[in-house]
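Here is a short report on one protein model. Look at the sequence and the structure first, then read on.

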Amino acid sequence: MAADYSINTGEVRTFGTVDYVLFVLTLLVSAGIGVFYAVWDRRNNTPQEFLLGGQKMQVVPVAMSLMVTFVSSLTLLGYPAEMYNYNTMFWWLVVSFLLSVGGAAFIFIPFFYRLGITSTFEYLEMRFSKPVRVIGSVMMIIQTLLYMAFLLYAPSLALNAVTGINLWGCVAGMGVVVTFYTTLGGMKAVLWTDTFQAGVIVAGLLAIIIRGITVQGGITRIWDIADNRSRILFDDFSVDPKTRHSVWSMVLGAGCFWLALYGVNQAQVQRCLSCPSVSKAKLAMLVSLPGLMVIVSLSCLLGVIMFVFYSDCDPIKFGLISKFDQLVPLYVMDTLGSLDGLPGIFVSAVVSGSLSSLSSGLNALSAVTFRDILEGSGWKSSSEFKSTVVSKLLVAGYGLGAVGLAWVVSQLGGILQALYVVFGILNGPVLGVFTLGMFFPWANAWGAVVGEIVSLAVLLWIGLGALLNQVTTPMNPTSTVACNWTAMGVSTTTVSSLNATAILAVNTTVAGDIAESEAGMLEPLYRMSYMWYTGLGMIIVWGVGLLVSFITGATDPSSLDPRLICPLVSKLLPCLPLSCRERCYCGVPHKQAKAGSETGLSTLKSITSNEETQGIQDLPHSNGHVVSQSANHDLSNCYGHVVSQPANHDLSYNDGHVASQPANHNLSHLIESEIVVRL
């Protein structure tokens, strides 16, 4: 190894001038995009424009934003550290993306898009009741605030390790920058900064991986050494839920985890709702999938390369760094430190990952609070301009709140597992209540509320029990035999004893972790892999929710608006005979709805041909579905219900808003198949 590596010198390299310039440029470009859209759209000060980009966003920026919203600095720092400390079983995560992103694209996104909603939690009130909506919204707000706190802390920790910049000064600085451009530019700024930052992330990963492979003699040598040191493992098919990472926990358990993020999480769904049609929303989701898998795979490969580099001198035991989350920036400075600018590119990638996710979270929090908490409680603004100002103030407030919470997450240990535990606990009840409403027509509001509460309580019990009882999984052993202890001021006579002590510590830790703790009989429950938390929470909501629903009086499926129930069997098995699919509707009138939609489409086309002589306008009807309104005409809506709308009359929305409808308006996009509800 080169003499100037940290494990030989005992000193960590720091940024050079070029590195600082590139890093600052990354922040300036992100802020500049926000300023640009603030000026460009200064005349479009409406909540729709600010929160959804006017529903005019195209596939590429939406796909890039979907790709990096939850693949952030935590991925770039946490995934390689996972490979270093354990093995490559975590790499199976890319397979879970096929299930989660595919399910979101073909089931959840079309379902929400065709409801015409801004916040996903509006659906919970349509299907159940306002309390269910509020509970879900509050859980999402807590979850996103904690996530943003992780995102502020992780890259700041990286910068602190490699540059000496004050940790908390960096947290505050990043928080101010992302709050600034999100507040000014809204959804458009978020999507285009995410697109820019996605490029920076990929460039940073490729730079460090190519350099690492070159320095260490090729990928074959790297893979062989990692395999000999028990870091290459892909065939753990254990069905024991206590196994930290098995094929099943990584594909099925993580699949549920990521389905909650891509299928019902406001940040992701809101991006899809910014597309002009449901087909483009689905395409954006699918386009993001290959990029998502590539970034995760590159991050895992980086972990393997990094382990081989430090295989004979663990930086933690050597005293170079204090946390495994600092491994990646240390490795970057060791291998790229002699090349001006490249460390700056990678750290810019880490920071870009956080900024992209932070801006998405802030935008989502603003939408949920505005729609579900303020408007849901009866608050009304006198103008759209004031509503937009309120939305921007919410962004600013949540940005400051995330900065404060960053200190809390700094006390939680390794960022990757801590993030999955926190998200798993909160994802489970949220995914459970959405799927309870979408797939089980008998569920009622009582079942949804009780199911959510019980699920959250059980997951908190398991998660906090594991934390308080210090239930951990032993890491794979590391070595310090090649460390230059004399550079750390240690005499050569004590080096052998230090190595022996390190080996003993590893063995003692393993024995301690395996031994039964004070948890007693509950220990197997606390040892359950955190990857199963979301799936378990969802199943608890289903079981408890249905039980309570039948006890308190199950909902009659035939009484439900079919828009609120997803015909899952028809979507998954469209080749089944029609009679079989109809039996799977469980009494929900999907057949009548489909007939109504076809009648509605025929009527709309007829009206369109007379556009020049009739006063026509698009209207969101019954929770956001579009119904054409011509002067003094009756019109079947997308489900066959008749709506009479004479000229210059008011139409009340299902959520209480009133819109005046004068005649002689243009018809826009009315007969697109994406707007007419099809099942």
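Which residues of helix 19 are buried? They are Gly447, Ala448, Val449, Gly451, Glu452, Ser455, Leu459, Ile462, Gly463, Gly465 and Ala466. Keep in mind that this is a predicted model.

**Helix 19 and its ends**

Helix 19 covers residues 445–468, which is 24 residues. From its first C-alpha to its last, helix 19 reaches 34 Å. That is close to the 34 Å expected at 1.5 Å a residue. Asn444 caps the N-terminal end of helix 19. A side-chain oxygen of Asn444 lies 3.2 Å from the backbone nitrogen of Trp446. Helix 19 is followed by Gln470, which has a positive phi, near 50 degrees.

**Aromatic pairs**

A pair of aromatic rings is described by the distance of the centres and the angle of the planes. The model has 23 aromatic pairs. One of them joins Tyr84 and Phe324. Their centres are 6.3 Å apart, with 45 degrees between the planes, and the pair is tilted. This pair links distant parts of the chain, 240 residues apart. Tyr84 sits in helix 5 (residues 73–85). Phe324 sits in the loop between helix 14 (315–318) and helix 15 (327–336).

Another pair is formed by Phe309 and Tyr331, with ring centres 5.2 Å apart. Their planes stand at 75 degrees, so this pair is edge-to-face; the cut-off for that class is over 60 degrees. Phe309 lies in helix 13 (residues 278–309) and Tyr331 in helix 15, so the pair ties together parts that are 22 residues apart in sequence.

| Residue | Relative accessibility | Class |
|---|---|---|
| Tyr84 | 0% | buried |
| Phe324 | 23% | partly exposed |
| Phe309 | 3% | buried |
| Tyr331 | 0% | buried |

Arg244 lies over the face of Tyr86, at 3.9 Å from the ring centre.

**The nonpolar core**

The largest nonpolar core has 168 residues. Which residues have the most contacts inside it? They are Leu93, Phe112, Tyr123 and Trp258.

Now take Leu93. Leaving aside neighbours within four places in sequence, Leu93 is in contact with Tyr79, Met250, Ala254, Trp258, Val296 and Tyr420.

**Two residues compared**

Gln266 is found in helix 12 (residues 266–273). Gln266 has a relative accessible area of 0%, so Gln266 is buried. Beyond its neighbours within four places in sequence, Gln266 is in contact with Thr118, Ser119, Thr120, Met140, Ala364, Ala367 and Val368.

Ala396 is found in helix 17 (residues 384–409). Its relative accessible area is 26%, so Ala396 is partly exposed. Which residues does Ala396 contact, leaving aside its neighbours within four places in sequence? They are Thr179 and Thr183. Ala396 and Thr183 are 213 residues apart in sequence. In space, they are 6.5 Å apart, C-alpha to C-alpha.

Conventions
Residues are numbered from 1 along each chain as its sequence is written. This is a predicted model: local features need pLDDT of at least 70, side-chain atom pairs count only at pLDDT 80 or more; totals for chains, interfaces and linings use all residues. Side-chain values use heavy atoms; hydrogens and water are left out. Rings of Phe, Tyr and Trp (its six-membered ring) pair if their centres lie within 6.5 Å; planes under 30 degrees apart count as stacked, over 60 as edge-to-face and the rest as tilted. Helices (H or I, at least four residues) and strands (E, at least two) are DSSP runs, numbered from the N terminus. Buried means under 20% relative accessible area, exposed over 50%, partly exposed in between (1.4 Å probe, protein chains only). A charge sits over a ring if NZ of Lys or CZ of Arg is within 6 Å of the ring centre and within 35 degrees of the ring normal. Contact means heavy atoms within 4.5 Å. The expected span of a helix is 1.5 Å times one less than its number of residues. A polar contact is a pair of N or O atoms within 3.5 Å; within protein, one must be able to donate a hydrogen and the other to accept it, and residues adjacent in sequence count only if both atoms are side-chain atoms. A nonpolar core is a set of buried Ala, Val, Leu, Ile, Met, Phe, Trp, Tyr and Cys residues joined through side-chain atoms within 4.5 Å.
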